[in-house]
Amino acid sequence: MSDQPSGANSRPETPPPSEDAPGSDGALKAGDAGKSGAAVPPEDAVRSASGAGHDTASDAPGGEGTAAQVPGQEGTAAQESVRAPAAVPPQNTGPYVPVVPAYLQAPPPPADPWRRRAQEQKPSALSRLRPSVPPPIRAATLWAVLATALLSALVLGDGLGPNLLMVAAPAALAAFFAAQAAGRRLRPWTAVWAVGALALLVVPALRDAGWPTFLAVVSALALGSLALHGSRTWPGVLLGSAGLFTSVAAGLRWGWRGVRDRADDSGGRVRTAVRSTVVALVLLVVFGTLFASADAAFADLLGSLTPDVSVGDSPWRVFLFVLGLAGALATAYSAAAPVRWDSITVRPGPARSRVEWALPLIVLNLLFAAFITLQLAVLLGGYDKVLDETGLTPAAYARQGFWQLLWATVLTLLVIALALRWAPRSGPRDRTLVRGVLGVLCVLTLVVVASALRRMDLYVDAFGLTRLRISVAAVELWLGVVLVLILAAGVFGAKLLPRAVAVSAAAGVLAFGLISPDGLIAEQSVQRYRSDKTIDVLYLRDLSADAVPALDTLPEPLRSCALERIQRDLETSDTPWYASSWGEARARDILKDHAAEGRGSECYELGGHDSERDGYEEEDPYDPY
């Protein structure tokens with residue numbers, strides 16, 4: 001313990017000032033003493049600092065304006081404290097900077113309103129969902145994009161056929177190069193989507209009918225977008241299938257920056273590539289013209305292989321070039337910087353109690369069970385009785401219930417989605433309740449799907465197959481597949497359910513195009529005619545070239561009446577090979593060997609509607625198409 005008074009203990013120990021600090025002689029003496037090894041007592045340091053005009057006591061706690069009391073020297077310290085000034089020495093050691101008055105200062109530069117608006121603008125939802133910034137576009141990607149645009153302008157203007165695969169190949173390469181530059185790896189589901197998209201583009205190359213081609217092209221675009229974005233949740237699958245369109249503007253800017261940077265940095269290489277391309281085109285034109293004029297067979301071959309580009313359709317070709325360019329750049333940009341649609345989460349609704357949730361669904365299950373019981377009774381032997389009581393023909397009975405059952409299936413899927421949103425989820429018992437109630441509903445709905453398909457079969461047997469009937473039957477069948485997938489998700493988990501539903505839809509569209517709906521309609525009509533049933537020739541003549549092989553087996557004059565219009569359309573069309581489907585080429589070969597004869601008004605007397613439409617009321621608004 002120290003024997004000093006309390007006043008000395010309350011004074012903080014002050015380190016000796018440095019040598020280069022401005023101060024008095026006392027400070028220099030203290031520094032010299034420190035160098036010589038002699039200890040300087042704190043009292044002497046304070047006294048010397050006080051004598052030099054520094055007030056060290058003003059910083060001591062409890063001693064403002066007074067000097068520190070040193071034992072034995074109270075009076076001297078008091079006198080020196082009176083003579084010591086109260087100013088605090090400046091602490092800064094830098095150069096002196098004069099203060100400029102405000103009226104002499106230069107005015108600040110005016111604020112940029114555009115920059116302020118850009119800073120105040122919040123990032124869009126799309127920019128938050130696209131966290132990664134794509135790397136600079138590679139030269140290989142630019143060449144693939146250019147090839148896609150040129151092929152689009154040259155081969156897409158004459159129709160749809162194998163040319164879609166020709167255009168899709170360089171676009172897929174552009175996406176591959178962009179994804180490789182961004183460091184993305186090929187994942188299994190990405191390969192599934194990409195292979196499915198290319199497989200769907202085979203349908204236009206095989207079938208001449210426009211409606212399966214349209215479905216296949218739209219589905220191919222959706223699967224290609226899923227391959228680029230890699231979605232796996234319900235929002236991801238639904239929004240990611242159309243997410244390619246969100247990258248069009250950003251892809252164009254990205255490609256323009258890449259072209260501009262390469263034009264600035266490597267002007268020599270760009271000029272070399274342009275010169276090489278021009279020289280190659282000149283050589284092809286010159287020597288190709290010479291060879292074509294020297295041999296007629298080579299001229300025909302060259303004419304069939306070369307796209308027919310005329311000045312009249314230049315605006316259309318320019319539009320196709322821009323469309324192919326924008327589509328390829330959007331594809332590459334999405335591959336390099338995909339939008340994470342899976343980041344969008346849909347929160348489940350508030351959980352309901354077991355009674356509140358299960359009671360309406362149990363009542364619905366009982367209603368489904370009652371309807372199915374009646375359907376089974378009708379199928380097992382009460383069919384004629386029901387028809388007698390209702391006064392309907394078999395075809396009318398079938399037509400009356402199909403559309404209602406189709407809508408019942410669609411609404412059941414909506415009920416299942418809403419029930420899962422508000423389902424109780426507090427424990428294992430709730431999960432068992434949800435799986436049990438919804439599982440029973442799915443099974444009963446599958447029976448409804450089977451009943452609807454049975455009614456459509458009866459209707460087709462009475463009236464024949466048409467495009468509308470085969471389309472709605474295919475949709476009903478796909479809804480049954482979705483119900484089976486929901487049942488499997490209840491047993492094995494719902495992680496793969498969104499992607500499984502998307503795969504089932506794409507597979508359904510692919511199968512629908514491969515079976516050739518127009519050819520199937522023609523085959524079924526020919527079989528009905530051979531079974532001594534009437535045939536609607538006026539309807540069959542409006543089918544596509546896919547129906548020619550089946551209609552060619554009809555006897556005359558039915559054959560010529562059914563094929564006359566199709567033959568005329570094929571003769572008047574001058575479609576090149578890359579825009580012609582395999583079905584169209586096969587129809588040309590058949591009609592070339594055995595042409596249809598002109599029958600005139602004789603065709604309108606064949607296949608009367610009255611005998612064919614037995615039981616069909618003309619005032620019924622149902623569309624027989």
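A residue is called buried when its relative accessible area is under 20%, exposed when this is over 50%, and partly exposed in between, as judged with a 1.4 Å probe on protein chains only. By this definition Glu 584 is buried, with a relative accessible area of 6%. The structure shown is a predicted model, in which local features need pLDDT of at least 70 and side-chain atom pairs count only at pLDDT 80 or more, while totals for chains, interfaces and linings use all residues. Residues are numbered from 1 along each chain as its sequence is written, and side-chain values use heavy atoms, with hydrogens and water left out.

The chain as a whole may be described first. The protein chain contains 27 helices and zero strands; here helices (H or I, at least four residues) and strands (E, at least two) are DSSP runs, numbered from the N terminus. Of its 625 residues, 35% count as buried. The protein chain exposes about 36,700 Å², and carbon and sulfur atoms supply 65% of this area; accessible areas come from the Shrake-Rupley method with a 1.4 Å probe, and for residues only the protein chains shown count as cover. A contact means heavy atoms within 4.5 Å. Among the contacts in the protein chain with a separation of 6 or more, 77% are between residues 24 or more positions apart.

The interior comes next. A nonpolar core is a set of buried Ala, Val, Leu, Ile, Met, Phe, Trp, Tyr and Cys residues joined through side-chain atoms within 4.5 Å. The largest such core has 52 residues, of which Met 456, Leu 540, Leu 543, Leu 551, Leu 554, Leu 563 and Ile 566 touch the most other members. Helix α19 (residues 428-463) gives the most to this core, with ten residues. Leu 551 illustrates the packing: leaving aside neighbours within four places in sequence, Leu 551 is in contact with Ala 522, Leu 540, Arg 559, Ala 562, Leu 563 and Ile 566. Apart from this core lies another, of 20 residues, among them Trp 193, Ala 197, Ala 220 and Tyr 578.

Aromatic side chains form a further group of features. A pair of aromatic rings is described by the distance of the centres and the angle of the planes. Rings of Phe, Tyr and Trp (its six-membered ring) pair if their centres lie within 6.5 Å; planes under 30 degrees apart count as stacked, over 60 as edge-to-face and the rest as tilted. This rule gives seven aromatic pairs. In one of them, Trp 316 and Phe 319 have ring centres 5.7 Å apart and planes at 25°, so the pair is stacked. Both residues lie in helix α16 (residues 314-336), three residues apart, which is about one turn of the helix. Trp 316 is partly exposed at 41% relative accessibility, and Phe 319 is partly exposed at 47%. Trp 577 and Tyr 578, by contrast, form an edge-to-face pair, with 5.6 Å from centre to centre and 85° between the planes. Trp 577 is partly exposed at 41% relative accessibility, whereas Tyr 578 is buried at 1%.

Charged side chains complete the account. A salt bridge is a side-chain nitrogen of Lys or Arg within 4 Å of a carboxyl oxygen of Asp or Glu, and the whole structure has ten of them. Arg 317 and Asp 158 form one, at 3.6 Å from N to O. This pair links distant parts of the chain, 159 residues apart: Arg 317 is in helix α16, and Asp 158 is in the loop between α7 (139-155) and α8 (163-181). Arg 317 is buried at 6% relative accessibility, while Asp 158 is partly exposed at 27%.

Another salt bridge joins Arg 565 and Asp 542, whose closest N and O atoms are 2.4 Å apart. Because Arg 565 lies in helix α25 (residues 558-572) and Asp 542 in the loop between α23 (537-540) and α24 (548-551), the pair ties together parts that are 23 residues apart in sequence. Arg 588 is partly exposed at 28% relative accessibility. Finally, salt bridges that share partners join Asp 552, Glu 556 and Arg 559 into one network.
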